[in-house]
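Please look over the structure shown here. The notes that follow are grouped by topic.

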Amino acid sequence: IRDVYKRQVYDPTIRKDDIQQFKDAGGFNNDWELTYAAALYVLATGEGYDASLEAFTDEIAAAGGGLEAAESAVRDGIGAQATKRVTDRWNRERLRDIFQQLYLGDELYQALEGGEPDDDLRQEGFIHDEPVILDEETRNWLLDEAGVSVGVLTGRPEAEAEIALDRVGLAGDIPVEHRFTMDDWDEGKPHPHALTTLAERFDADSVVFVGDTLDDVRTATNASEADPSRAYYGIGVLTGGLTGAEGRQKYDNENAAAVLESINDLPALLTDE
């Protein structure tokens with residue numbers, strides 16, 4: 001979601017570039033939960049939580065990532081009573097609703113969420129700003145020439161994933177049984193269940209999983225440990241929040257099998273292999 005996401009989760013306490021720190025901490029491939037964690041941090045600072053955002057996300061990462069780790073960090077920092085005051089104001093349902101209104105825009109919000117958008121939030125929706133990165137040539141190669149089976153594993157809800165697949169011309173080519181969305185499993189990335197399940201459905205000996213977050217690479221690593229009968233390769237792409245030399249180094253630190261500047265470099269990589 002890149003800049004689209006960063007435009008929604010913004011507060012003077014959290015800079016746009018800070019959102020990547022939550023992503024790197026892990027367990028936040030569900031963008032709603034990342035929003036909840038960012039809001040939790042902002043509310044906690046109002047109750048005396050004085051850790052920097054970097055220290056906060058480092059503590060989340062050390063505890064295994066995700067929203068529970070964020071809550072634990074706040075509780076350890078300000079105590080149970082102050083945390084109770086924070087969580088009483090921490091309306092996750094409302095945060096999700098605002099997120100969806102801003103992201104989907106009027107028409108899609110009404111169609112997918114079944115509600116009427118707030119008057120002051122009516123707009124076209126950030127989803128329409130998302131660029132299509134996958135070239136038609138790469139798409140055709142993957143589907144027709146590569147000799148591989150193609151699947152999708154995403155933290156998006158099923159309906160939103162369908163929109164994204166349609167925009168890149170893949171909706172009609174990837175059957176439902178070869179997709180895992182937020183609606184299909186509870187754990188989320190980097191838990192390996194979805195990836196190992198897709199591998200079983202493909203009856204694959206090896207799996208290449210390409211993504212633009214550290215949790216994507218971690219998912220492949222965890223799948224290797226959970227399913228040693230197959231080879232899993234996590235490949236990082238530098239077109240999300242991770243870019244340049246710093247992004248490449250972060251992927252290398254997670255033992256990515258390869259790091260690509262773009263998804264459109266994948267054919268050359270797999271052909272060389």
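P117 is buried in this predicted model, because its relative accessible area is 5% and the cut-off for buried is under 20%. The residue sits in the loop that runs between helix 6 and helix 7 (136-145).

**Around P117**
- Leaving aside neighbours within four places in sequence, P117 is in contact with Q101, D106, Y109, Q110 and R122.
- From P117 to I98 the C-alpha to C-alpha distance is 8.7 Å, and the two are 19 residues apart in sequence.

**Helix 6 and helix 8**
- The axes of helix 6 (residues 92-113) and helix 8 (residues 158-167) come within 13 Å of each other and cross at roughly 95°.
- Helix 6 is therefore roughly perpendicular to helix 8, as angles of 65 to 115 degrees are classed that way.
- On the helix 6 side, the residues that meet helix 8 are Q100, Y103, L104, L108 and L112.
- On the helix 8 side, A159, E160 and I163 take part.
- Sorted by class, this contact has 6 nonpolar, 1 polar and 1 charged residues.

**Helix 3 and helix 5**
- Helix 3 (residues 31-45) and helix 5 (residues 67-89) have axes that come within 10 Å and cross at roughly 50°.
- The two helices, helix 3 and helix 5, are therefore oblique to each other.
- The crossing in which helix 3 passes helix 5 is left-handed.
- Helix 3 contributes E33, Y36, A37, L40, L43 and A44 to the contact, and these meet L67, A70, E71, V74, V86 and R89 of helix 5.
- By class, the contact of helix 3 with helix 5 has 9 nonpolar and 3 charged residues, with no polar ones.

**D215**
- D215 belongs to helix 10 (residues 214-226).
- D215 counts as buried because its relative accessible area is 1%, against the cut-off of under 20%.
- Between D215 and Y41 there are 21 Å from C-alpha to C-alpha, and the two are 174 residues apart along the chain.

**Confidence of the model**
- The protein has a mean pLDDT of 91, and 95% of its residues reach 70 or more.
- Residues 1-6 have pLDDT below 50, and in the model this stretch has 20 contacts beyond near neighbours in sequence.

Note on methods: Residues numbered from 1 in each chain as written. Predicted model: local features only at pLDDT ≥ 70, side-chain atom pairs only at ≥ 80, totals over all residues. Heavy atoms only, no water. pLDDT = per-residue confidence, 0-100. Contact = heavy atoms within 4.5 Å. Axes fitted to C-alpha atoms, helices over the stretch in contact; angles between N-to-C directions. Helix = DSSP H or I, 4+ residues; strand = E, 2+ residues; numbered from the N terminus. Parallel < 35°, antiparallel > 145°, perpendicular 65-115°, else oblique. Left-handed = near helix turned anticlockwise from the far one by under 90°. Nonpolar A, V, L, I, M, F, W, Y, C, P; charged D, E, K, R; others polar. Buried < 20%, exposed > 50% of the residue type's maximum accessible area, 1.4 Å probe, protein only.
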